[in-house]
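Here is a friendly walk through a two-chain model, to be read with the structure open beside you.

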Amino acid sequence: MTAGQPIDRDALHALADGQLDPARAEELRAALGERPEARSVADYRRINAGLHALYDATLDQPVPDRLLRGPQAWWRHRRWARAASLAAAGLALLIVGAGGGWYARDSMIRMRQEQTAMVRPAAVAHRVYVAEVRHPVEVTADQEHLVRWLSNRLKKQIKAPVLDSAGFRLMGGRLLPGETGQAAQFMYENTQGRRLTIYIRNDIRGTRETAFQFGQEEGGINVFYWIEGRMGYAITGQMAREDLLPIAKLVYEQLEG
Amino acid sequence: MADDELRQLVIDQIPHLRRYAMALVGDRDRADDLVQDSLERAWSRLKLWRRDGNIRAWLFTIMHNLNANAVRQAKRRPRHDPIDEVSVLPATPPNQEQRLELSLLAQGIAALPAEQRAVVLLVGLEQMRYEEVAGILDLPIGTVMSRLHRGRERLRRALAGEAAPALRRIK
């Protein structure tokens with residue numbers, strides 16, 4: 001390339017955009033030297049960098065929930081399921097696809113994710129700590145800072161539901177590790193020494209919302225749960241589903257009400 | 001490819017669709033409206049998508065077509081308000097000079113003819129190859145290159161302080 005020969009316009013853009021193969025790019029850089037076109041390439045690069053400076057912040061922002069809804073029909077059904085599930089008293093607790101297509105597949109995927117996010121950790125924490133005879137809880141219920149402490153650690157005002165009407169008394173609670181954040185467990189006991197736990201975590205990934213749902217783990221551990229944004233709530237007990245359901249409703253009403 | 005993998009592929013592109021839409025229409029809410037419309041169309045047509053294809057190009061094509069239709073229906077250039085500095089400028093405040101340059105650039109982008117703006121953004125912001133941009137916009141590559149050139153030269157003039165006089169001032 002001789003000094004006076006104009007340089008191909010498209011090549012200047014391709015050089016600025018990194019769309020030339022390395023040999024061609026090297027050759028062009030050498031040919032540009034101090035020529036005025038070098039200034040164009042630098043300006044194009046500056047424009048690209050400026051675009052990133054202006055707009056990249058969007059990439060790190062949480063995606064608004066409305067963009068994660070998927071097909072509208074599916075979403076409408078889910079909203080309905082959330083409202084209807086409590087009224088249906090356990091009969092409609094599982095969202096099972098009647099509409100077929102995306103709706104069913106999508107809800108199955110979500111349910112698997114929620115099993116992983118809620119049912120498994122709630123059940124494991126339940127199994128580990130209800131078996132404790134001497135140290136079932138970290139802070140006992142008679143210490144009034146219990147709820148304040150857990151609320152502070154979860155960065156969310158939480159409550160310890162009152163389940164006396166179901167025959168269960170609050171024993172206390174403990175702080176647990178979540179996946180990336182924190183989780184809390186409240187433990188309750190009835191006069192027969194049967195225990196149940198409430199598991200609350202603050203690090204659900206993605207912004208989601210679920211209906212009141214049911215899951216099962218090995219050893220007859222039943223879990224009712226729901227997700228509200230980053231927060232997940234689960235009621236876990238080693239008892240029949242129909243016995244756990246009215247207690248789960250009590251918890252739901254007190255925490256959501 | 002399993003359906004949940006396919007679904008995840010789409011979800012992974014949402015932040016990129018939002019960024020492009022934001023730069024394209026200049027307003028967060030209207031940008032997200034465009035993304036939402038695009039996603040709804042994508043979900044409903046996902047079964048039609050060739051599974052060995054480029055899902056990013058496919059999604060951006062849907063978005064481009066929807067936006068182009070909206071612009072056509074409006075029968076005028078899209079309303080493109082001066083960008084609210086607070087909403088687009090980076091969290092760490094750049095120095096005064098960079099601020100001015102970014103502000104001029106944002107104004108320059110807003111003032112570009114829509115067809116040049118799309119090319120400048122797909123190449124410069126989304127870092128797409130020219131062939132991919134040609135596919136998305138359904139244009140010959142020569143047209144892509146000339147729009148890129150004209151768009152960037154306008155922006156250079158805007159950065160040099162020769163902004164088009166019709167521009168409104170940024171608040």
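Predicted model: local features only at pLDDT ≥ 70, side-chain atom pairs only at ≥ 80, totals over all residues.

Chain A has 8 helices and 8 strands, while chain B comes to 8 helices and 0 strands. In chain A, 33% of the 257 residues count as buried; in chain B, buried residues make up 33% of 171.

Contacts along each chain can be split by sequence distance. Among contacts in chain A between residues at least 6 apart in sequence, 57% join residues at least 24 apart. In chain B, residues 24 or more positions apart account for 68% of the contacts with a separation of 6 or more.

**Where the chains touch**

**A helix pair in chain B**

From H6(B), the contact is made by B:Glu115, B:Gln116, B:Arg117, B:Val119, B:Val120 and B:Val123. Their partners in H8(B) are B:Val144, B:Arg147, B:Leu148, B:Arg150, B:Gly151 and B:Arg152. The classes in this contact come to 5 nonpolar, 2 polar and 5 charged residues.

**Cores**

In soluble globular proteins, nonpolar side chains tend to be buried together. Here the largest nonpolar core has 51 residues. Those with the most contacts inside this core are B:Ala21, B:Ala23, B:Leu105, B:Val119, B:Leu121, B:Leu122 and B:Val133. H1(B) gives the most to the core, with 7 residues. Apart from it lies another core, of 40 residues, among them A:Val130, A:Ala184, A:Ile221 and A:Leu244.

Leaving out residues up to four places away in sequence, B:Ala23 touches A:Leu51, A:Tyr55, B:Ile109, B:Leu121 and B:Leu125. A:Leu51 and A:Tyr55 are also among the buried residues of H3(A). H3 of chain A (residues 37-55) has 19 residues and reaches 27 Å from its first C-alpha to its last, close to the 27 Å expected at 1.5 Å a residue.

A:Thr197 lies in strand E4 (residues 195-201) of chain A. Why does A:Thr197 count as buried? A:Thr197 is buried because 28 other C-beta atoms lie within 10 Å. Beyond residues up to four places away in sequence, A:Thr197 touches A:Ala125, A:His126, A:Val130, A:Gln185, A:Phe186, A:Met187 and A:Thr236. One of these, A:Val130, belongs to the core of 40 residues.

In chain B, B:Leu102 is placed in helix H5 and is buried, with 22 other C-beta atoms within 10 Å. The table gives both pairs.

| Pair | Separation in sequence | C-alpha to C-alpha distance |
|---|---|---|
| A:Thr197 and A:Thr236 | 39 residues | 5.3 Å |
| B:Leu102 and B:Leu159 | 57 residues | 8.6 Å |

**Positive phi in two loops**

Finally, look at two loops. A:Lys155 has a positive phi of about 55° although it is not a glycine. A:Lys155 lies in the loop between helix H7 (145-154) and strand E2 (169-177) of chain A. Because A:Lys155 has 10 C-beta neighbours inside 10 Å, it counts as exposed.

B:Gln127 also has a positive phi, near 55°, in a residue other than glycine. Its loop runs between H6 and helix H7 (130-137) of chain B. B:Gln127 counts as partly exposed, with 14 C-beta neighbours inside 10 Å.

Definitions and conventions
Residues numbered from 1 in each chain as written. Chains lettered and ligands numbered in written order. Helix = DSSP H or I, 4+ residues; strand = E, 2+ residues; numbered from the N terminus. Buried ≥ 20, exposed ≤ 12 C-beta atoms within 10 Å, placed from the backbone. Contact = placed C-beta atoms within 7 Å. Nonpolar A, V, L, I, M, F, W, Y, C, P; charged D, E, K, R; others polar. Expected span 1.5 Å × (residues − 1). Core = buried A, V, L, I, M, F, W, Y, C linked by C-beta atoms within 7 Å.
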